[in-house]
Every structure is written in structure tokens, then in C-alpha cells.
Amino acid sequence: MRTLTEDQIEIGAVLPELSIDLTPTVVVSTALATMDFTPVHHDVEGARAQGSKDIFLNILTTMGLVERYVTDWTGPEAIIRRINVKLGVPAYAGDRLDFNGTVVTQDGPDYTVEVRGKVSLGDHATATVTFTLPSDETA
Amino acid sequence: MTDLDMSPGDELLELAEKQAALGEVRGGPAADPVNIPMIRHWLDAMGDANRSYLDKGVSPPAMAQVWTMPGVRRGVKDRSPVDDVLAALDAAGYTGVVATNCEQTYHRPARVGERLSAATRFSGLIGPKRTALGEGYFATWNVTWYGEGDAPVAEMMFRVLKFRPRRKSGTPAASTAPYPLRPAQNRDTAFFWEGVRQGELRIQSCADCGRLRHPPGPVCPSCRSTSRSYVVARGEGTVFSYVVHHHPPVPGRETPFVVAVVELPEGVRIVGNVVDCPPDAVGIGMELRATYRAMDDEVILPMWAPRES
Amino acid sequence: MSGTRAAIAGIGATEFSKDSGRSELRLAAEAVFAALDDAGLDPSDVDGMVTFTQDTNQEIAVAREIGAGELTFFSRVEYGGGAACGTVAHAAMAVATGMARTVVCYRAFNERSGRRFGQPDARLGGQPTSQGLEMSWHVPFGLMTPAAWVAMFARRYMHVHGATSEDFGRVAVAMRRHAATNPAAWFYQRPITLEEHQASRWIVEPLRLFDCCQESDGAVALVVTSVERARDLRRSPAVVTAAAQGSAEGQMMMTSYYRDDMSGLPEMSVVGRRLWEMSGLKPRDVRTAILYDHFTPFVLAQLEELGFCGRGEAPGFVRDGGIELGGRLPVNPHGGQLGEAYIHGMNGIAEAVRQIRGTSANQVPGVEHVLVTAGTGVPTSGLILSAG
């Protein structure tokens, strides 16, 4: 898989969309892979007892999926510098998480992408992700 | 004109200040060093096909926090300065919790074999605030991950809202509750609000001399004409000045929120909220586009969002 | 200097507190009694009364309580704290025209324990009066507290002149320093540091808690009569050398965002120009000034509008300690509303009179003329009081 080069990135460019079906398996496997054992991420009864309608994605996973969404597009050599996420509605098991993104700024070597992750209830995550491309020698 | 005296919530704020004064409290080293099996497991669960992490033997940046997660049986010895504040909030009835912000900066990749440790600093408690979920406090803390040395690998700002859950009532709240800050209208201003309902930003123009004017009024101050018309603004503008409202709580609003004086290319200014962007991203000169928000079943307000290219 | 032929002959006040425990009418009566006693006059001498439109105590109610007889002049002044010096201006006109001989100006409220102006009031934009309609361009967006209205100007001032939150903070620090040595001040012996200002929480960015004045319960009254008569009374008179009200083009209540560059206070410029014209004085003739300080940024803007420094120079003026006791122009030696009490500017007029008399707790040496201003961000008013 190739990594984008400077001339392939334009401000305003739109990233290809990514849809993730949030099966219970996705919710539980990512919770465990991120070492988050809070019941609301794997125990339906426990989640309902706390007033949630089902188990839902944990934040460490949201961060991971946002990172993945951007590196899927940039290619493997891009270096993620910063991920700022504003969290919105929960992403429940059974829902679908749709990512879209736009390149919004370039500041020297830093590119910033605005990412929005939507579920049926609204925005689950609104993020800005800043990355740099590898320097020419290593590209 | 704001109160300087103590209020009941000051106890919580005092505790928060005390915890903040502790500064950075360093936790013990992670149970496991950065390792290939956990990275592979994480990539698999995320559906991330990026092989470079495994090839290079580095942790995916967003995995930073995973290395120092406490595990299933959380010990008491690793209590951070945050825990006491959250416990005090629980005790005060703010039992609900929802995370609002997670901001991570990655200074360098964590390499396989490195054992990370996390240092936590409680950085602030703000409240009580009226929110859509109920009255609550925003608690913010910062975590820095270190490798073997003293240079940070990654850091994170994390904010949660601890709220007092509303009692369940028969009808769903919020959406049908009338918005309390309704604009007064009369025959001189009704055209503006009618335009807003149709998704238009109408600027009064003098039917005789053409002068534009906002806010509108019954007489043209330039030529005394009472013949009025309007133009539909392009719906673009720039921030001329703005404020971030934190305190006191405002009915029908969640704090903090941004109000701006927006300068339109048509040559008039108008006041409105800047939405869809964090308050600290707003600045004078920021380019905006108009957007229309239903505040309840009747009231629609014109607002402003960052202009996207 | 011809002046207005009127003088302030008596001043009176209640204590300044957070909970007076008395009705607003009782506070008004107590302050009026104190002012009449100070002047050496009797309630039966009072034939005129002026207060703020916002005051909840009608002139006739105060007249009944103090046992005054017939009134031949009564008047109210509009626009919140902008009314303060206007009450004396109206009284001076009544005295000059012969409509009344002894006019009492008063302001009384339980602003802390009763209705608090700093709290949002959803009714502000509710009625289709001209003011309700004006508010309706702002209140629906949650822009509905005095701090928020002022913050919008403050942000623009920072942008245009490169001012910082610390520049605002120096005003608060100076006021609290003055209040610390004024036993009548709520913040007597409680100064703050610039660090404390910077650490205080946001109210409405860019304003912090310590940029906002306190809220107070209390009352102040002033007795205005002719200069000639005042000279025969108990206290040395504070002559009303100049008095003015001011509203500028495109004026609104706190939200004049649709005119000019939003970094100044054109209505205060109107007042200032009239005061200098009427008095024939210049800024350098004024040893101390009472500048309305409900929020710190407008103290800076006033220094510029009144000609005490050039446009954009106020942050430097303040940074050099210019507004502190011993500085180029000590401002609000009583501690202002930030430090003494928030009595809608009327306590500042009383301090100006003490400075003229030479009886202030923080007396500035050699005072002959004091400039006083009223509420900022609103149509406002001002006075120059002189010894004589």
C-alpha cells in the first residue's frame, strides 16, 4: 500500500467514506483489545441498568477508529501527530458508524483533516486529525 | 456584576483546586511492555490493515492509553488525583458521567519493549452548568505517557461531564420544551423572522434609496422613506467580535457557548451563535456560513458555522 | 467658569452589604436622611427628587417616608447606571431654572439579595417595545448578561489595540488596592494580586470573575441646591461645574455593535467633550477621576474617550500605575464599584464630593476638580465637581 505524497493532498479534498457495522462483536472485541473492561462495553444487562439502551463503543476505540480512518486514506507511512475528538451521542451495538472527512488546513508539514463519525442518533465523534508525511528521503 | 461569595458548589471547586495543586502524579509502570501480540490484537479488532506498525515494531499512536490501562481488577494503589474529585461528585448526586472531549498528541512512537508509565494531572472543574442531560460539572484532566526517560511519548486532555440525572418523566424532555429566549417581533421586524423560518437571512433595504440596514426599523435614517424591502444575504460572514459565555447559566442554553458579531459582505453586522466548532477555535476574522437551528417546535434562530471550502 | 449654579451640599449612604435585611424603600429613606443631616437640612426643605428609571422606589414614596412636604420637581433618568450623574444634572437644571430649591438624588436597591442584574432574565427580549425589539437581536442567542454585552466590546478592544487580560486585571488590582484602605468598602483590607485575577474563572471570555464588579445592597443620596445657598450650609460645597448626558449615533443599550469599530465608547466622548467645553478645563486640571467600573475594560476605554490618554494608550497608562493612588490620575480612590460597592455609580459621586471636601479615606492631595462618569456601554452622563 502506497502513502500519499504532498502533491496528492489538496485542501478541501474529501476522504472516501467508511462505514462500520457496530455488531456486538465489534463493540466487545475492541473494548477488550483496548483493555477497557467497564461493563457498559460488554454486558448488555449492565449497560441497561445504567440507563443505556445497549452496550456501546468505548472511547479508546473511537480514537483508534478515527486514526484508522485517516491512515486508511493516507497510507501507512503518514505519521499521526494529534487526534482531537469531541464526543457526541453513544455508538450503540446494532448501529452503523459512518465516517467522512475533509482536508481542512495545511500548516507547514502538518495537514489537518476534519473527521465526522455519525450514527443513527447523530454525531458520535467530531474530530480533527493532524498528520505529517514522511520526509522525501524515506518516502 | 457577579457574585464573589461562597455557594454550596464551592466545596467541590475547592477540592478540585486542591487536587489540581497536586500537579502531575505519576503512576507505576505498565503491566506489560509495548508488545507485538497486543498490537496485533488491537489492529485486528479495529479492522486496521496497516502493517507498518508491526513491521517497524511500534505502537499505533492511538494505542498510547491502552498500555497503561488498569486491567480487570483495578488496584487501589494507583489512585490518581482525578478519582477523589469524581467520588466527591458522585457523593454530591452528580452520578451520571459522559465523556465530552479526548485530545491526544503523539510526540514519538512507542517502541516494542518499552514500558510506559502514565502521569495524571487534574486540571480543572467547571460548574455547576445546566446541560441537556441535567445539571453537572465538567472535569478535565491531563495524562502524559513517559517511556523509560523523562521525555513524553504522548499526552492527552480528557474531559467528562458529571451530571445529576434527571428524573424520568412520562414525556420525553428537551425537544418539545418551549425555548425560553423568544425574540419579540412586530410589524417592523417580522419579515426577518419569516425569512429565518424559510432558511433566508433577510436584510432590510430602503425601497427608495437602497440603503441596507440591520437591525431593521420602520424608517430609513438616510432618506426618511418608510418604503421598505429586503435583500436575501448570501449567508456568509466573518467574525468581527465574539464572546464565550461560561457563567451564569443561561436558560435554554448549555455553557460554554459562543456569541459573535458577524460582519456580512453585504455591509451590515448581525449577532448570532457560532456553532459546530469548539469555542477555542473561534477567532476574529474567522469565516462563517449561516445555518438555521430549530430551538423548539416554533422558534428557529439563524446561527453561524465555520465556512468549509 | 460659570458652572451650572448648583452644588452638592450633602451626601449620605447606608452601609454597603450583601444582604441589607431591609426593604429598598427603607434604604432610600435612610440614605436621604443621612444626606440631609450631612447638609444640615430638614426633610421639609426638600422640594425636588430625582432618581433612576430603574429605581423601584417612587419619588412620592420616598417623600412620604422622610416626611417631606410639597414637591415642585420630580424626574427620572433612563438607561441603567448611565443615569447616575444624570440625576445630579437634572437636579442642577431644576435648581438653575428655579423649579426647585433643594433636590434630593437617590438610588436604593437590594441588588445582591434581591433582583440581581447579572443574572439572565428571559423577559428581556419578550415585549415588542423598542427596547424589547432591540434586545431581540441579542437575547435569543443567549447574549443577555451585562458581562456578556461588555465582553463583546472587550474582545474587539483587545484585537484593535493589542490589549490583554492582564491589562484588564491591572484595573481590578488597582481598585481592590484602593478599597483595601477604605473602611466603607466591602473589600476593605482585601486586596488582590494580578496572579489572582489571572487565576479567576471565566465569566464570559474575555472577562474573568475579577473583571466584573461585585453586587451590593445599599443606597446613596445626594442633596443638590444652589451654590450660594450651599455656601451657607454645614459642609463646603462641591460645585457642579459641568454636567452632561451623552448618547452617540447608532446608540443602543449595551449592544451598540452596529457602528464604528466597537473599540471605544462614543457616548462617553460626547459626555467628555461637553464637560471640557462647559468647564473650560482640560484633563490635566483634574487630579482624580471617578470612572464607572462595573467591568474593567471600560475603564480603559473611558481614559481614552475623556482625553486622559490617546486612543489605544490606556493599557500602557494603567501598566505604569497611572490610575493608582500616587499615579498620574488616581482613579476611584474609594475603590470603585469593583472594590467599594455597586450602587449604580452613585457611591462614586459621593466619593467625588469627599475628594473635593478633603475628607476621603484615600484623599488625593490638591484636588480642585473631579471628573465623574456614569454607566458605560449605555447612554450615559458625567460631571465635573469643583471646590468652591
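Tutor: Two residues are in contact if their C-beta atoms, placed from the backbone, lie within 7 Å. In chain C, 77% of the contacts between residues at least 6 apart in sequence join residues at least 24 apart. The model is predicted: local features need pLDDT of at least 70 and side-chain atom pairs count only at pLDDT 80 or more, while totals for chains, interfaces and linings use all residues. Residues are numbered from 1 along each chain as its sequence is written, and chains are lettered from A and ligands numbered from 1 in the order in which they are written.

Student: How many helices and strands are there in chain C?

Tutor: Chain C has 13 helices and 11 strands.

Student: What is the span of helix α6 of chain C set against?

Tutor: The span expected of a helix is 1.5 Å times one less than its number of residues. Helix α6(C), residues 165-179, has 15 residues and reaches 21 Å from its first C-alpha to its last, which is close to the expected 21 Å.

Student: Why is α6(C) called mostly covered?

Tutor: In α6(C), 12 of the 15 residues are buried, among them C:F168, C:V171 and C:M175. The cover includes α5 (146-161), α7 (194-199) and α10 (297-305) of chain C. Over the whole of chain C, 64% of the 388 residues count as buried.

Student: Which residues touch the most other members of the largest nonpolar core, and what makes it a core?

Tutor: A nonpolar core is a set of buried Ala, Val, Leu, Ile, Met, Phe, Trp, Tyr and Cys residues joined through C-beta atoms within 7 Å. The largest has 168 residues, and C:I8, C:V88 and C:L385 touch the most other members. Helix α5(C) gives the most to this core, with 10 residues. Beyond its neighbours within four places in sequence, C:I8 is in contact with several residues, including C:V88, C:L222 and C:L385. A second, separate core of 79 residues includes A:V26, B:A62, B:C102 and B:F138.

Student: How do you know which strands of chains A and B pair?

Tutor: Two strands pair if DSSP finds at least two bridges between them. Strand β2 (79-87) of chain A and β2 (96-106) of chain B have 5 bridges and run antiparallel, so they count as paired. Within this pair, A:I83 stands opposite B:Q104. The two strands belong to an open, antiparallel sheet of 10 strands. Its edge strands are β1 (14-21) of chain A and β1 (25-29) of chain B, each pairing on one side only.

Student: Which element gives the most to the side of chain C that touches chain B?

Tutor: The contact takes 44 residues from chain C and 35 from chain B. Helix α5(C) gives the most to the chain C side, with 8 residues. That side divides into 26 nonpolar, 13 polar and 5 charged residues (Ala, Val, Leu, Ile, Met, Phe, Trp, Tyr, Cys and Pro count as nonpolar, Asp, Glu, Lys and Arg as charged, and the others, Gly among them, as polar). Strand β9 (236-245) of chain B is joined to β5(C) by 2 antiparallel bridges, and the partner of B:H245 in β5(C) is C:V204.

Terms used:
Helix = DSSP H or I, 4+ residues; strand = E, 2+ residues; numbered from the N terminus. Buried ≥ 20, exposed ≤ 12 C-beta atoms within 10 Å, placed from the backbone.
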